[in-house]
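Here is a briefing on one chain fold, arranged by topic. Keep the structure open while reading.

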Amino acid sequence: MYAMLTQQRDKILIVDDEPDIAKALKIHLDDEGYASSLAPGGSAALAILENEHDFSIILLDINMPEINGVTVLKYLQDTGSNAAVIMMSGHGSEELAVECMRHGAEDYIAKPFSLSDIQQRIERAIEHRRERMEKKMLQEEREDFILMLSHDMKNPLTAVIGSIDIIREGCLGSINEEQEEYLQSAIDSCNEVVFMIDNLLDIRKFEAGKIQMAIHPYNAQELIERVTSQFARPAKHDGIELVVDIEPGISEINVDKNAFTRVLGNLLGNALKFTPEEGTISVSCRSLQGNDILVQTIPGHVTTRPTAHEANCFIRVSVRDTGNGIPEDELDRVFNRYTQFSRKTGRERGGAGLGLAYCKLAIESFQGVIWAESKSGQGSEFIILLPCSSNNNSIN
Ligand SMILES: Nc1ncnc2c1ncn2[C@@H]1O[C@H](COP(=O)(O)OP(=O)(O)OP(=O)(O)O)[C@@H](O)[C@H]1O
Ligand SMILES: [Mg+2]
């Protein structure tokens with residue numbers, strides 16, 4: 001009963017190599033109702049922080065021998081700690097303290113300080129931390145809600161697609177060409193939403209490390225031709241030429257079939273969306289040998305590199321279009337989620353800005369790399385490099 005009535009006390013870690021200051025602080029803070037612990041240096045602090053993750057506040061001295069306050073702050077950042085950090089700076093380290101605030105510290109206080117002054121700062125930091133945590137929780141709840149809603153929308157949507165398809169196929173009575181076209185367009189729109197939901201759900205799974213890929217060697221030509229053939233009808237409908245050029249006898253690729261299909265689907269969907277009538281979309285696939293070619297092939301702005309492969313053989317898959325292109329300074333950013341470089345055009349053409357974020361995560365999970373090249377106004381090219389499979393027993 002007593003425990004139920006007792007409010008949880010905020011835990012504070014005092015990290016300082018000057019024992020007099022640390023002890024005086026501890027006595028004062030405990031008297032004020034906090035639960036404080038002492039760490040007489042950076043390494044002691046790291047040892048405590050490794051096991052205890054529920055500190056509200058960390059009072060962190062900057063100048064300490066061996067492991068200093070900046071290193072401890074970096075550790076807290078890297079481990080995603082929720083604690084609010086107040087840096088305690090000695091004479092001459094004020095600049096460093098300001099720098100620490102740029103890297104996630106909540107506040108700093110210059111030594112010597114009065115006990116009432118530091119207590120005021122602690123109270124303020126606790127309040128800020130509480131607001132921050134509430135905001136974060138709300139954000140997470142909102143994201144969870146969107147995910148749940150998206151997930152629950154998939155089943156009825158799939159049912160709608162199935163029902164329309166039955167009518168479109170003429171199973172319930174004959175329909176004319178115009179009716180068929182309208183029904184097909186309704187199916188395409190539903191499929192677009194399902195595609196978007198799948199992108200969103202899978203991006204979240206990637207982020208949570210919960211995605212399960214079934215990576216096997218596949219015949220690259222068959223996979224690419226299968227996906228591309230699904231875009232022949234919409235391309236024709238939009239008056240766009242779709243050209244496929246695959247090097248004969250191309251090597252196998254190690255991918256998850258569904259994920260790779262979705263990547264190509266996203267790239268072709270974008271190409272269709274951003275290419276005007278009478279344009280051309282070209283899908284090509286060829287092999288590359290050796291690291292030298294790799295270095296020359298991947299532009300400098302692309303930070304990831306495919307894992308070196310023993311055979312030094314890579315498959316290059318490209319989807320090129322003759323649309324409006326992408327400005328040079330947006331070429332990397334388009335792979336971030338919710339990025340639509342030109343809000344107006346992106347929104348006019350629908351979509352959530354998730355497709356390329358999914359593509360990047362999926363391709364990197366196959367040890368590959370994806371990037372975009374474009375000269376604004378002259379179309380875009382999305383290029384994927386995947387290591388060739390050393391296994392010859394492909395699955396189709
Ligand atoms: N082929 C392309 N030509 C011109 N711009 C493109 C092309 N592909 C992508 N982009 C730009 O990159 C942005 C992000 O693409 P992405 O596929 O991630 O999102 P989206 O297509 O807008 O929405 P979603 O894929 O979620 O339906 C697009 O909104 C567009 O601005
Ligand atoms: Mg897209």
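Helix H5 (residues 94–102) lies across E4 and E5, and its direction is at about 170° to that of E4. This is a predicted model. The points below start with the sheet under that helix, then turn to a helix pair, a strand pair and some loop residues.

**The parallel sheet**

- Five strands form an open sheet in the order E2-E1-E3-E4-E5, and the pairing is parallel.
- Strand E2 (35–39) and strand E5 (107–110) stand at the edges. Each has a single partner strand, so one side of each has no neighbour in the sheet.
- From one strand to the next, the twist averages 20°.
- Strand E3 (residues 57–61) and strand E4 (residues 84–89) run parallel and are joined by five bridges.
- Leu60 has Met87 in E4 as its bridge partner.
- Helix H2 (residues 19–31) also packs on the sheet. H2 touches strand E1 (11–15), E2 and E3, and its direction makes about 170° with that of E2.

**Helix H7 against helix H13**

- The axes of helix H7 (residues 177–207) and helix H13 (residues 355–365) come within 9 Å. They cross at roughly 40°.
- That angle makes H7 oblique to H13.
- The crossing of H7 and H13 is left-handed.
- On the H7 side, the contact uses Asn199, Asp202, Ile203 and Phe206. On the H13 side, it uses Gly355, Ala357, Tyr358 and Leu361.
- The residues of this contact divide into five nonpolar, two polar and one charged.

**How H13 is covered**

- H13 is mostly covered, with nine of its 11 residues buried.
- Lys360 is one of the buried residues of H13, and Cys359 and Ile363 are also among them.
- The cover over the buried residues of H13 includes H7, helix H10 (257–274), strand E11 (369–374) and strand E12 (380–387).

**Strands E11 and E12**

- E11 is largely enclosed by the rest of the structure, because five of its six residues are buried.
- E11 and E12 run antiparallel, joined by six bridges.
- Glu373 has Glu381 in E12 as its bridge partner.

- The peptide bond from Lys111 to Pro112 is cis, with omega near -5°. Pro112 sits in the loop between E5 and helix H6 (115–168).
- Glu278 is not a glycine, yet has a positive phi of about 70°. Glu278 is found in the loop between H10 and strand E9 (280–289).
- Is Glu278 buried or exposed? Glu278 counts as exposed, because it has 10 C-beta neighbours inside 10 Å.
- Gln367 is another residue other than glycine with a positive phi, near 65°. Gln367 lies in the loop between H13 and E11.
- Gln367 is partly exposed, with 16 other C-beta atoms within 10 Å.

**Asn312**

- Where is Asn312? Asn312 is in the loop between helix H11 (291–297) and strand E10 (313–321).
- Asn312 is partly exposed, with 15 other C-beta atoms within 10 Å.
- Asn312 and Asn219 are 93 residues apart along the chain, and their C-alpha atoms are separated by 18 Å.

Definitions and conventions
Residues are numbered from 1 along each chain as its sequence is written. Chains are lettered from A and ligands numbered from 1 in the order in which they are written. This is a predicted model: local features need pLDDT of at least 70, side-chain atom pairs count only at pLDDT 80 or more; totals for chains, interfaces and linings use all residues. Helices (H or I, at least four residues) and strands (E, at least two) are DSSP runs, numbered from the N terminus. A residue is buried if 20 or more other C-beta atoms lie within 10 Å of its own, exposed if 12 or fewer, and partly exposed in between; C-beta atoms are placed from the backbone. Axes are lines fitted to C-alpha atoms, for helices over the stretch in contact, and angles run from 0 to 180 degrees between N-to-C directions. Angles under 35 degrees count as roughly parallel, over 145 as roughly antiparallel, 65 to 115 as roughly perpendicular and the rest as oblique. A crossing is left-handed if the near helix is turned anticlockwise from the far one by less than a right angle, and right-handed if clockwise. Two residues are in contact if their C-beta atoms, placed from the backbone, lie within 7 Å. Ala, Val, Leu, Ile, Met, Phe, Trp, Tyr, Cys and Pro count as nonpolar, Asp, Glu, Lys and Arg as charged, and the others, Gly among them, as polar. Two strands pair if DSSP finds at least two bridges between them.
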